[in-house]
Amino acid sequence: MLVNRVFYSVKPLIPRWLQLYLRNALVRANLQRSKEVWPIDASTAIPPEGWRGWPGGKRFALVLTHDVDTLGGHNKCEQLLTLEADRGFRSSFNFVPERYPVSPSLRKNLVDRGFEVGVHGLNHDGKLYSSRRVFSQRAAKINGYLKEWGAVGFRSPAMHHNLDWIHELNIEYDASTFDTDPFEPQPDGVGTIFPFWVNCPDGRRILEIPYTLPQDFTLFVLLREKNIDIWKRKLEWIAEVGGMAVVNVHPDYMNFESRPLQREEYPAGYYAEFLEHVASRYQNDYWPVLPRDLTRFYMGNCKEEVFNQKFNSSEGGLYEGAAASIL
């Protein structure tokens, strides 16, 4: 926590190109020693006690999500939703309500076409979890946007998280964690490719939905991958063990045009290829589901004693190793 606070206080003074250079160097330095746990950590495949499988006997669940970090990403959302809709897919789009103007007509179009809208922090400044006081103040504002947008899901910017605090948010699910990702600013994985319940002091339960495929920013911006082989390999493993494939793709970094790629861009065709690979390779073997509907399936069809996992942040060492990926 202290390391992150220091970094985000000086981040505005660091040129973006230098941030990327340093983060790329850190990721590459950690890549070799992380090979046993990234992109696949075999220990995360253990299903919850009493696991009965996915609806309809499907091999795995597929959850498509998008974090819209900037106004530039916001302005590409129509292209991204068209790319998905043309291939028969639906996803959730998470917007930052006080970093850029979020178009009501865009939100309406998404919902009308069967997509989902969620809240992605408040300002995207890295300070949401800087203290309990700050979190509580911002949670009140976030709850206002959740109500205004009719949203039930939340994901924190930079995947910062403290599952002991999220009961202050009026949400049904949180998606701010991951199974394994040693390259995140807060690199503690929750160690599972399945959703799990977070039990709140007020008696509510919030479903935690960790992302389980490497983020596009890590693969195509930091590591400069030129294909989707890592996505394919991880997806094949998830299908084999019957887990949940949660994807987080940012329109901010996608190039939908034929012009040359900018420093932080990759071809939108990579994501289109992934969707086409899923449709052709797995056909009817997967359950395509929005995070909202996954949560309601759990709420309505799963007995608490079967899916009663609770991640206790006091046992996980939330900030251990944060300096390994600070930018």
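1. Contacts across the sequence. Residues 24 or more positions apart supply 77% of the chain's contacts with a separation of 6 or more; contact means heavy atoms within 4.5 Å. This is a predicted model, in which local features need pLDDT of at least 70, side-chain atom pairs count only at pLDDT 80 or more, and totals for chains, interfaces and linings use all residues. Numbering runs from 1 along each chain as its sequence is written, and side-chain values use heavy atoms, with hydrogens and water left out.

2. Make-up. The chain has 11 helices and 11 strands. These are DSSP runs numbered from the N terminus (helices H or I, at least four residues; strands E, at least two). Of its 327 residues, 56% are buried, meaning under 20% relative accessible area with a 1.4 Å probe, protein chains only.

3. Core. The largest nonpolar core holds 97 residues. Such a core is a set of buried Ala, Val, Leu, Ile, Met, Phe, Trp, Tyr and Cys residues joined through side-chain atoms within 4.5 Å. F95, W231, Y271, F274 and L294 have the most contacts inside this core. Helix α9 (residues 268–282) gives the largest share, eight residues.

4. F274. Beyond neighbours within four places in sequence, F274 touches L64, L213, I228, W231, L235 and V247.

5. Helix pair. Helix α4 (residues 77–85) and α9 have axes that come within 10 Å and cross at roughly 25 degrees. The two helices are therefore roughly parallel (angles under 35 degrees). L80, L83 and E84 of α4 meet A268, Y271, A272 and L275 of α9.

Note on methods. Buried means under 20% relative accessible area, exposed over 50%, partly exposed in between (1.4 Å probe, protein chains only). Axes are lines fitted to C-alpha atoms, for helices over the stretch in contact, and angles run from 0 to 180 degrees between N-to-C directions. Angles under 35 degrees count as roughly parallel, over 145 as roughly antiparallel, 65 to 115 as roughly perpendicular and the rest as oblique.
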